[in-house]
Amino acid sequence: MKIGRMEKLFDGLIIAIVAAASFLALVPILHLASVSLSSNAAILSNKVTVFPVEWSTMAYQTVFRDVKMINSLLFTIMLVVLFTVICMVMTICAAYPLTKKHLKGRDAFLLMIVFTMFFSGGLIPEYLLVKTMKLTNSIWALVLPGMVNAFYLIILKTFFSSIPDELEESARIDGSSHFGTLIRIVLPLSLPVLATLSLFYAVGRWNGFMDALFYITNQDLYPIQLKLYQLVISNQMSDATATEGMNSLAPVPESLKAASIMFATIPILLVYPWLQRYFISGMMIGAVKG
């Protein structure tokens, strides 16, 4: 009986700690959402905490009237889809052959992949490479340098290795090629890890802005995070707000920043519910079998 009570007490303590940590993680998001939905007077008087004060949607109206912001969002969505598809194709094509023990040079390839996880040429050689290949001011400067993540590749390779060899052998007996076996057998069995890695690739690309800061000067190719970076750093309102002059009804910069951040955050958050059933089962993949 005492052991049962101790277990319940311990479980309750864990739940309380997780609930508190979750609340602390939500507080900044709730504060931003409240600022974006509060009136100028409430924001300037520091009355806004985690709940909106004197509801106002003026900041969101301003953001949605900013053509550059909308174009940046649409470009970012296209960039994320293209980046994720290319990255997953390249990662699959690299991980599957590495599961074959008869592949010549397999250990050397794995060593080179692991080596890149700890050592790299650095930012300057990467910039010179991108510039020499004439990729600056193009969408490919944001796609090609990060096509394959070595850590994700190893995770996928580990999962492929856990699939029983008998399934592939039976497919080969039926006349299936390696490519056919990959498409018809291996990939359908790997949906959890594929969904998880796709989500990681997509979120990483969505949140990235440093490469765009270095390689992109054409504002038509600015990802949404770079637009937010400029907005926050410069402490200036968007073009749509600036044209309104000193209109007292225009949102203050703090409200506009908060609305812009929520505008850029919500789309990627909407992706999680669609992949949740795969994401949970795919999180620990790679930790079971080395």
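Helices (DSSP runs of H or I, at least four residues) and strands (DSSP runs of E, at least two) are numbered from the N terminus. By that count the protein has 15 helices and zero strands. This is a predicted model, in which local features need pLDDT of at least 70, side-chain atom pairs count only at pLDDT 80 or more, and totals for chains, interfaces and linings use all residues. Residues are numbered from 1 along each chain as its sequence is written, and side-chain values use heavy atoms, with hydrogens and water left out.

**Whole chain**

Colour by accessibility. Buried means under 20% relative accessible area, exposed means over 50%, and partly exposed lies in between (1.4 Å probe, protein chains only). Of the 290 residues, 37% are buried. Contact means heavy atoms within 4.5 Å. Among contacts between residues at least 6 apart in sequence, 73% join residues at least 24 apart.

**The nonpolar cores**

In soluble globular proteins, nonpolar side chains tend to be buried together. A nonpolar core is a set of buried Ala, Val, Leu, Ile, Met, Phe, Trp, Tyr and Cys residues joined through side-chain atoms within 4.5 Å. Select Leu 156, Phe 160, Val 193, Leu 194, Leu 197 and Ile 216: in the largest core, which has 39 residues, these touch the most other members. Helices that each supply at least two residues of this core are α4 (67-95), α5 (106-118), α7 (150-162), α9 (178-189), α10 (191-207) and α11 (210-215). The largest share, eight residues, comes from α4. Next select Ala 59, Tyr 60, Val 63 and Phe 263, which are among the 19 residues of a second, separate core.

Go to Leu 187 in helix α9. Leu 187 counts as buried because its relative accessibility is 17%. Leaving out residues up to four places away in sequence, Leu 187 touches Ile 92, Phe 160, Leu 182 and Leu 194. Ile 92 is 95 residues from Leu 187 in sequence, yet their C-alpha atoms are 9.0 Å apart.

Move on to Ser 190, in the loop between α9 and α10. Is Ser 190 buried or exposed? Ser 190 counts as buried, at 0% relative accessibility. Its side chain reaches the backbone oxygen of Val 186 at 2.7 Å. Beyond four places in sequence, Ser 190 is in contact with Phe 159, Phe 160 and Ile 163.

**Ser 36**

Select Ser 36 in helix α1 (residues 2-36). Ser 36 is buried, at 0% relative accessibility. A polar atom of the Ser 36 side chain lies 2.7 Å from the backbone oxygen of Ala 33. Not counting residues up to four places away in sequence, Ser 36 touches several residues, including Ala 59, Tyr 60 and Met 262.

Most residues other than glycine have a negative phi. Which residue here has a positive phi of about 60 degrees although it is not a glycine? Select Lys 134, which has that value and sits in the loop between α6 (123-132) and α7. Lys 134 is exposed, with a relative accessible area of 71%. Then select Asn 137 in the loop between α6 and α7. Asn 137 also has a positive phi, near 60 degrees, and counts as partly exposed at 35% relative accessibility.

Terms used
Polar contact = N/O pair within 3.5 Å; in protein donor to acceptor, adjacent residues only side chain to side chain.
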